[in-house]
Amino acid sequence: MARMTLSGIKKSFKSVDVLHGIDLEISDREFVVFVGPSGCGKSTLLRLIAGLDTISSGEFHLDERRMNDIAPSRRGIAMVFQSYALYPHMDVYENMAFGARLMGLEKDEVEKRIDEASKMLRLDPLLKRKPRELSGGQRQRVAIGRALVRKPKVLLLDEPLSNLDAALRSDVRLEIARLHREIGGTTIYVTHDQVEAMTLADRIVVMNNGKVEQFGSPRELYERPANTFVATFIGSPRMSLLDVERNGNHLALPGSGAVSVSRLPHSDERNLVIGVRPDAMTVSTDESTDGFRGNVVYTEYLGENTYVYVRLGDGTLVGIRSSASVDLPPDTPVVITVASEEIHYFSRATRERLAA
Amino acid sequence: MPGSPLVSRRLWISALIVPPLAFVALFVVYPIISAFAYAFFHWNGLARGEFVGFANFYKVLFTQPYADWTVNAFLHNVWVFFALMVLQNGLGFLLAYCLWRELPGAAFHRISVFLPVVLSTIIVGFLWKLFLHPLFGVVNISFRGLGLGGLAQPWLGQDSTALWSLIIANAWHMVGFPTLVFLAGMQRIPGEILDAVRMETESEWTKITKIVWPLVAPSATVVFTLLFVGSFNWFEIPYVMVGLEGSPHGATDVLGLYFYRTAFGNMSGSGQDFGAGSALAVLIFVFIALVAGIITFKLRAREIQI
């Protein structure tokens with residue numbers, strides 16, 4: 001079992017508040033990803049969970065046990081570091097055995113665990129090598145192996161793919177997903193890469209400025225973003241946000257005309273932000289179409305699609321996914337139609353999602 | 001062709017390299033070689049006599065009273081080396097560890113530990129001689145003030161404490177050096193490696209012995225080798241604090257004093273013997289070079305790239 005409860009977690013370094021009250025419930029066997037722009041506090045939160053930094057205020061419980069004052073080595077938590085942090089003077093076997101021995105395990109048990117881990121991670125031929133004789137991907141596997149031999153309740157991974165080249169990254173990502181299924185503990189994974197977050201996570205914690213913006217499954221985050229930050233952070237290319245004024249069932253955009261929509265938010269706020277993903281819009285050169293008017297700025301041809309970037313009347317730049325055959329020169333006047341069903345509504349005042 | 005860029009470049013390089021090379025040759029290489037040569041001659045004062053082969057070496061190693069003096073001084077150097085290894089390097093390592101862990105007041109202590117190192121050895125010697133004065137020294141006054149008058153000793157005046165007093169004065173003076181070298185070594189250890197250890201143990205002892213110590217091996221090589229050379233060349237502190245005779249009656253005699261006394265004579269009038277002195281200098285040089293070479297070679301082998 002590994003159920004984690006974080007309530008009101010705050011962290012300040014001297015007078016700088018880094019985390020402003022984090023509340024999270026993480027269930028056993030869950031794969032949770034902390035994602036957010038750099039400086040959002042996700043790595044700090046991970047270090048608090050690990051025990052490497054002290055919690056300024058708030059409570060952290062693991063399986064009903066208060067962890068705030070427990071030493072990192074006694075929490076039943078293992079961590080894989082961004083730089084892997086292997087002990088340079090020990091070979092691969094020693095790197096894995098070091099922590100296991102310190103847990104007071106019998107010699108046989110240590111050997112058995114290393115054997116299991118090295119089979120699972122294909123480390124057998126490397127056991128006698130020193131870290132400097134390994135490639136990045138191999139070091140990564142050793143770092144994971146070192147964490148696994150301790151059989152932790154919770155495995156923490158701090159941007160584990162950031163030091164690998166692009167080709168290796170997707171392999172290791174699959175490997176981590178497989179390991180999580182096989183080991184069956186709770187895994188917390190920190191990244192700034194939303195693709196890693198979306199592909200790996202059961203649930204994602206989106207963080208910004210030391211706060212949790214939303215905690216939910218990848219599908220929830222993508223389909224029902226709680227606010228404009230999550231809306232633009234998840235999804236690539238990003239969702240376009242338009243400041244519109246509601247008039248009956250019309251949404252007016254200054255300088256670009258108005259469109260009528262079949263689905264509106266329940267709130268009666270007049271000033272709204274609408275969010276539209278690149279695939280929820282179509283671009284047309286037929287001036288009589290009902291939609292927002294604008295001018296093409298540039299197009300990106302990507303083989304299967306072309307992204308058309310259009311400047312609207314109020315200066316907003318929107319990206320639209322179109323078929324690859326579309327080829328519009330810059331400055332072409334176009335009309336953008338929006339699929340009503342796919343519009344996300346947010347309050348202009350609070351930037352929070354409005355139910356529609 | 002004069003004036004061409006290549007020629008003027010060569011001239012420049014020569015102009016920069018030749019003077020220091022000449023300087024080193026004249027003031028370092030030449031004296032060493034001539035000391036080797038002097039050791040094989042008989043000397044009358046500073047006038048060179050006939051070639052005597054290894055007679056000077058035989059004299060200092062196997063004839064009395066030289067042989068006893070040589071062994072006595074050599075054993076004291078060995079003592080000094082091991083005592084300083086513990087007091088100076090051991091303490092230096094621990095101080096470096098404390099400074100590195102940024103305990104409260106680290107900035108102040110970093111300076112205060114290193115401050116004595118920049119003092120001249122002569123000043124430190126006189127300072128400690130005053131500290132240890134039997135009547136007016138701050139050490140004995142402090143003991144008496146604390147009601148521990150029984151611990152007050154004539155530190156430099158009795159066999160049992162004289163050498164130790166010198167060793168402590170030297171450790172006080174130089175402890176900042178190994179501290180600084182170890183601290184630099186520790187600061188090269190990546191923070192994440194330390195975090196990784198903290199995830200596996202909370203024992204400071206395990207962290208120090210299993211992780212930090214092996215990772216500062218390059219610093220240890222430097223510090224050990226320099227301490228070895230320094231211990232067997234030890235001269236200034238004993239010279240200032242106990243004089244050329246290594247008083248009281250040879251209890252603090254070390255190779256440096258003994259060589260100086262033998263080669264150049266001393267106030268109390270014993271004759272000077274340049275041949276025997278040179279033989280001693282050569283022996284000291286060869287011993288230090290050999291052992292320091294072995295130490296460096298052995299310790300290099302356990303260094304690893306971080």
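**View 1. The two domains of chain A.** In this predicted model, chain A splits into domain 1, covering 4-232, and domain 2, covering 238-354. Going by C-alpha atoms, the centres of the two domains of chain A sit 39 Å apart. Where they meet, seven residues of domain 1 of chain A are in contact with 10 residues of domain 2 of chain A. On the domain 1 side of chain A, that contact is made up of three nonpolar, three polar and one charged residues.

**View 2. A cis proline in chain A.** Zoom in on P237(A), which is in the loop between helix 8 (228-233) and strand 11 of chain A. The peptide bond joining S236(A) and P237(A) is cis, with omega at about -5°. For background, most peptide bonds are trans.

**View 3. The six-stranded sheet of chain A.** Here six strands of chain A line up as an open sheet in the order 13-12-11-14-20-21, with antiparallel pairing. Strand 13 (257-260) and strand 21 (353-354) of chain A are the edge strands; each has a single partner strand, so one side of each has no neighbour in the sheet. Inside the order, strand 11 (residues 240-247) and strand 14 (residues 271-276) of chain A run antiparallel and are joined by six bridges. To get your bearings in this pair, look for E245(A), which stands opposite N271(A) in strand 14 of chain A. As a reminder, strands of a sheet pair through backbone hydrogen bonds, and they can do so in the parallel or the antiparallel sense.

**View 4. The five-stranded sheet of chain A.** This open sheet of chain A has five strands in the order 15-19-16-17-18, and the pairing is antiparallel. Its edges are strand 15 (281-284) and strand 18 (317-323) of chain A; each pairs with a single strand, so one side of each is left without a neighbour in the sheet. Ignoring direction, neighbouring strands of this sheet are turned by 45° against each other on average. Seven bridges hold the antiparallel pairing of strand 17 (residues 305-312) of chain A with strand 18 of chain A.

**View 5. Strand 1 of chain A and two of its pairings.** Strand 1 (residues 4-13) of chain A pairs with strand 2 (residues 16-26) of chain A in the antiparallel sense, over eight bridges. Along this pairing, S12(A) stands opposite D17(A) in strand 2 of chain A. Strand 1 and strand 2 of chain A make a hairpin with two residues between the strands, and K14(A) in that hairpin takes a positive phi near 50°. Strand 1 of chain A also pairs antiparallel with strand 4 (residues 57-62) of chain A, this time over five bridges. In that pairing, T5(A) sits opposite H61(A) in strand 4 of chain A.

**View 6. Another positive phi in chain A.** K151(A) is in the loop between helix 4 (136-148) and strand 7 (154-158) of chain A. Its phi is near 45°, a positive value in a residue other than glycine. For background, most residues other than glycine have a negative phi.

**View 7. Helix 13 against helix 14 in chain B.** The axes of helix 13 (residues 255-264) and helix 14 (residues 274-301) of chain B come within 7 Å and cross at roughly 155°. That angle makes helix 13 of chain B roughly antiparallel to helix 14 of chain B. The crossing of these two helices of chain B is left-handed. Helix 13 of chain B brings L255(B), Y258(B), F259(B), T262(B) and A263(B) to the contact, while the residues from helix 14 of chain B include F274(B), L280(B), A281(B) and I284(B). Sorted by class, the residues of this contact are nine nonpolar, three polar and no charged.

View 8. P248(B) lies in the loop between helix 12 (236-242) and helix 13 of chain B.

**View 9. Where chain B meets chain A.** Across this interface, 17 residues of chain B are in contact with 17 residues of chain A. On the chain B side, helix 9 (191-200) and helix 10 (204-215) of chain B each supply at least two residues. Helix 9 of chain B gives the largest share, seven residues. By class, the chain B side that touches chain A has nine nonpolar, three polar and five charged residues.

Conventions: Residues numbered from 1 in each chain as written. Chains lettered and ligands numbered in written order. Predicted model: local features only at pLDDT ≥ 70, side-chain atom pairs only at ≥ 80, totals over all residues. Domains from an automatic or database assignment. Contact = placed C-beta atoms within 7 Å. Nonpolar A, V, L, I, M, F, W, Y, C, P; charged D, E, K, R; others polar. Axes fitted to C-alpha atoms, helices over the stretch in contact; angles between N-to-C directions. Helix = DSSP H or I, 4+ residues; strand = E, 2+ residues; numbered from the N terminus. Parallel < 35°, antiparallel > 145°, perpendicular 65-115°, else oblique. Left-handed = near helix turned anticlockwise from the far one by under 90°. Pairing = 2+ DSSP bridges.
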